[in-house]
Amino acid sequence: MRAMTIFKKDLLIESRSKSGLGQVLPFALIVLLLFGFAFDTQGPLMVSISPGLFWVLITFSSILLVSRSMRVESENDAVDGLLLLGFDGISIFVGKFLALFLILLILDILVGIGVVVLFSVPIHSFLLLSLSTLLATAGIGSVGLVFGALVRGANSSESLVPMLVLPILAPVVISATKAWSDALNGHGSIFDPWLKLLLVFAVVFIVGGAVSFGAILED
Amino acid sequence: MKLKIAQRYLAASALVAIAATVVLGLFITPPDAVQGNLARLVYVHPAVAWVAYLAYGVTTLASSLYLWRPTRSLRWDRLASSSAEVGVVFTALTLITGSIWGRPAWGVWWTWDARLTTTAILLVLYLGYLALRAVPMPADKRAKRSAIAALFAFIDVPIVHESVVWWRTLHQGATVASLGMNAKIHGIMAWTMLLGFVAFTLAYCALVVFRYRIAQGEDSLRERQISQWQSERLAQSQSDADRVSELLDNANSKSNVKMV
Amino acid sequence: MNGYVEAGYGFVLGGLGAYWAWLASRNSRVKKALIPIPVENERRRPNSSNPRQGER
């Protein structure tokens, strides 16, 4: 229940601020358009590269949202207030993770629609598409939260978060891209091996984050 | 001081062993039947790669020992950071020698082979760790955070490896791993390879001890700076207080004069 | 031999040597800074002409 309080708090902050999705979505849209200019948007090329474009774009824009989610807590030492109020690390992590997950999913859906519409990509296995998106987003969110918390308070956290998070997320980008390729090319099923890898990654980092978050926050 | 002596012996023996490896590897051993002289890289490249992995293992171990309360000590933190830094150097050398070997053997400088790609990701992973360590922070705070980061990096490595292996093998056969590696190695070649492993492990130990000592020196330097600032502040406030009381005395004496 | 082998050995030896040299320069900097400087820790009396700490 404590986690729900944090969850609601973060969503409230997101809905009231203009600098979350409100800034990241236009950014993602303009990058999609730039991709369109950079590559020939007609023909089979777009189908084969759009999974990669999508996931690179999602990873980059997620990092903006993720570092924001922890910056909210580090400004004015808000997190110390949370700890003083008796919130434990696990519930803070779970609450923040769920809120971030929801926000990232909105980003995924809107950018995904953008990819499908702008690059006229056919979808064959919608189930695989959505499952892989859910799992990959969970992985990105949990890793982002952990490292956002680890660098909080640093002056250079804007550049430090991507430097730490992107290498860690390499398997997610690989697996999610491959799962999407399978889904778009029509030889995907829910037994896709990439889903397994995404699941393992998400579970490892969600559990790891939940366990270590208390220790990361109180120092 | 003990560390300094250890470092001297380690460095000297590493130097001798590396020199012996180079002489044996470049001049004494016969050229390989398949790869000719090119195979001489086998005396350095795998050894350097082994040291890179060893270094990250040590970083992980030291980080967990720091996080475990009964063994918590800044010594483990220094060891973790020293080992990671040396590990980054060896990882870079692994990639460079691998690339140099790959050019004539496979015709390209870089191939998206599973091991190569994992090693490259490993390099950026620990570069990130070092970047996190470079952020100015109180020592215990930094130690704790970087230890946690090191553990997360470590659990990521097998997942990275798995994903990269699948990524390659699901689409094209592993072409690289079998080349040259499975050739049987006999006699002096095997001994030279072994010597290479010993030599670079010794070099690793010497470098880590050196780096550790520097970390020690930097820590005590920081402590001394802090205590110096403190005493300066103290002296400053003391002189301020003296000055205030002086002014008060003056004011009092003036007013006394007036009153008289 | 063929250039590649020499380059490989050269990079390894050069790389390790360069790293060692860098460590040595760092070490000497730290050592220089750590040489104990006699600090006059006496309390400054009013109107005294003692230099402030850090001044010569």
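Where does UniProt place the feature "transmembrane region" in chain A? The unreviewed UniProt entry puts it at residues 21-39, 45-66, 97-120, 126-148, 160-177 and 197-217. Such annotations may be inferred rather than shown by experiment, and feature names are shortened.

Quick housekeeping. What you see is a predicted model, where local features need pLDDT of at least 70, side-chain atom pairs count only at pLDDT 80 or more, and totals for chains, interfaces and linings use all residues. Residues are numbered from 1 along each chain as written, with chains lettered from A and ligands numbered from 1 in the order written.

Okay, two of those spans. Residues 21-39 of chain A are 95% helix and 0% strand, with end C-alpha atoms 26 Å apart. Residues 197-217 of chain A are 100% helix, 0% strand, and the ends sit 29 Å apart. Helices here are DSSP runs of H or I, at least four residues, and strands are runs of E, at least two, numbered from the N terminus.

Now, who touches whom? In chain A, 25 residues are in contact with 23 of chain B, meaning C-beta atoms, placed from the backbone, within 7 Å. Helices α6 (126-150), α7 (157-168), α8 (170-185) and α9 (193-217) of chain A each give two or more residues to that side, and α9(A) gives the largest share, nine. By class, that side has 19 nonpolar, four polar and two charged residues. Nonpolar covers Ala, Val, Leu, Ile, Met, Phe, Trp, Tyr, Cys and Pro; charged is Asp, Glu, Lys and Arg; the others, including Gly, are polar.

Over in chain C, 26 residues are in contact with 34 of chain B. The chain C side has 15 nonpolar, seven polar and four charged.

Definitions and conventions
Two residues are in contact if their C-beta atoms, placed from the backbone, lie within 7 Å.
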